[in-house]
Amino acid sequence: MSQVLEWLETESLGRVGLFVTRIQSVARRHLAKKTVTVRSQAREEQRTNARLFAQVAKMQSLVRMFVYRFRAARKAQRTLIQYCPHFGEPYWYNPHTQVKSWTKPKVLRHLDSYSLALPEEGLENVVNCSYCNKPAEVNCNECEDSMCRVCYDSMHCKGARLKHRSTKIPHCAYCKFQVATKACLTCIITDPARGTMRESVMEADRGHYCDTCFIHEHDSGEKALNLHKQRRKDLKNILAYSSQAYLVNQYLHQRIITSHHFEDMVQSCEECNSRSSTWRCQD
Ligand SMILES: [Zn+2]
Ligand SMILES: [Zn+2]
Ligand SMILES: [Zn+2]
Ligand SMILES: [Zn+2]
Ligand SMILES: [Zn+2]
C-alpha cells in the first residue's frame with residue numbers, strides 16, 4: 001500500500017512539474033513575443049516622432065525666416081527712400097549708410113519703400129533768407145522780406161521793428177525742403193496706406209504739400225509718366241532740343257487728376273490753374 005502511495009506521489013509531482021514547465025515556457029514565449037512587439041512599436045514611435053520633430057523644426061525655421069525677412073523688409077521700407085528725379089532714373093537711398101542704388105534693394109522684397117519726387121533742377125520752390133541765404137523760415141509782413149529765424153530776430157530786436165508781425169513760411173511735410181503750396185483735406189482725415197510716405201509724416205502735417213510732392217502722392221497720371229522710362233527720356237529730349245517744347249510744357253501743366261479735396265495755399269499758376277506759382281510774400 002505504501003509503495004502504491006509513494007508511486008502516486010512521485011507520479012503526481014512529476015506531472016505537476018511537467019505542467020509548470022509547460023506553462024512557464026508558454027508564458028515565456030508569450031512574454032518574449034510581447035517584448036518584441038513592444039520594442040518594435042517603440043522603435044516605430046521613435047521614428048515617427050523624429051520625423052514629426054524634423055518637420056516641425058523645418059516649419060519653425062521657415063516661419064522664422066519668413067518673419068525675419070518680412071520684418072527686415074518692413075524696416076527697409078521705413079528706412080530707404082526712393083527718389084524720383086523729374087527726368088531720369090529713380091534710385092533708392094539709405095540715409096543711414098548713405099548708399100545709393102539704381103536697382104530696387106533685394107531686402108525690400110515685395111514691398112515698396114517711401115518714395116519722394118525731386119523737382120526739376122533749377123525750378124525748386126525754395127525761399128532763401130534775404131540776408132544769409134539759408135532757407136527762410138518766416139516772412140515779415142511789414143518788411144515784406146523772407147528770412148531765417150536768426151536773421152529775423154536780430155533784425156527785429158529793437159525800435160519800431162519790434163512791432164512787426166511775421167508769418168511762418170509753411171514747408172512741405174514730405175520733402176521738408178520746398179515751400180508748402182497745397183493743403184489736402186483728404187490726406188489729413190484719412191489713414192495712410194502702409195508703406196506710403198504719408199505714413200512717415202506726423203499726423204498734423206499730413207496735409208501740407210509742395211507741388212512736387214502733391215503731384216507725386218496724388219496724380220496717377222504723373223505716376224504713370226514716371227513709370228515709362230522711355231517716354232520720360234523722349235520728353236527730356238523734346239524739351240531740350242525741339243521746338244515742340246511748348247506743347248510738352250502744356251502737357252506737363254495739365255490739371256492734376258485726384259479725388260482728394262485740396263486747397264491752394266498760394267495763388268495757383270495762371271497757365272493751368274492747378275499748379276501753384278512760386279511763393280510770394282503777402283501784398
Ligand atoms: Zn538768415
Ligand atoms: Zn520786419
Ligand atoms: Zn515736398
Ligand atoms: Zn491728399
Ligand atoms: Zn501751370
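## Basis of the model

Residues are numbered from 1 along each chain as its sequence is written, while chains are lettered from A and ligands numbered from 1 in the order in which they are written. In this predicted model, local features need pLDDT of at least 70, side-chain atom pairs count only at pLDDT 80 or more, and totals for chains, interfaces and linings use all residues; side-chain values use heavy atoms, with hydrogens and water left out.

## Overall architecture and confidence

The chain contains eight helices and 10 strands. These elements are DSSP runs numbered from the N terminus, a helix being H or I over at least four residues and a strand being E over at least two. Of the 283 residues, 33% count as buried; buried means under 20% relative accessible area, exposed means over 50%, and partly exposed lies in between, with a 1.4 Å probe and protein chains only. A contact requires heavy atoms within 4.5 Å. Among contacts between residues at least 6 apart in sequence, 56% join residues at least 24 apart.

The predictor's confidence in each residue is expressed as pLDDT, on a scale from 0 to 100. The chain averages 82, and 81% of the residues score at least 70. Confidence is highest in strand S2 (residues 91-94), at a mean of 94, and lowest in helix H8 (residues 245-252), at 46. Over residues 242-253 the pLDDT is below 50, and this stretch has 21 contacts in the model beyond near neighbours in sequence. Residues 279-283 also stay under 50, and the model gives them 15 contacts beyond four places in sequence.

## Helix H1

Helix H1 covers residues 2-79, which is 78 residues. The expected span of a helix is 1.5 Å times one less than its number of residues.

Ala-73, Arg-74, Ala-76, Gln-77 and Thr-79 of H1 are buried. The buried residues of this helix pack against strand S1 (81-84), S2, S4 and helix H4 (197-200).

The ideal angle for four tetrahedral donors is 109.5 degrees.

Cys-132 lies in the loop between strand S4 (114-117) and strand S5 (138-140), and Cys-151 lies in helix H2 (residues 149-155), so the pair ties together parts that are 19 residues apart in sequence. Cys-132 is partly exposed at 33% relative accessibility, whereas Cys-151 is buried at 14%.

Cys-143 belongs to the loop between S5 and strand S6 (145-147) and His-156 to the loop between H2 and strand S7 (166-168), so the pair ties together parts that are 13 residues apart in sequence. Cys-143 is partly exposed, with 28% relative accessibility; His-156 is buried, with 7%.

## Individual residues

Ser-101 is found in strand S3 (residues 99-101) and is buried, with a relative accessible area of 19%. A polar atom of its side chain lies 2.5 Å from the backbone oxygen of Thr-103. Leaving aside neighbours within four places in sequence, Ser-101 is in contact with Tyr-91 and Trp-92.

Gln-98, in the loop between S2 and S3, has a positive phi of about 60° although it is not a glycine, and Gln-98 is exposed at 59% relative accessibility. Asn-133, in the loop between S4 and S5, has a positive phi near 70° and is likewise not a glycine; Asn-133 is exposed at 57%.

Conventions:
A polar contact is a pair of N or O atoms within 3.5 Å; within protein, one must be able to donate a hydrogen and the other to accept it, and residues adjacent in sequence count only if both atoms are side-chain atoms.
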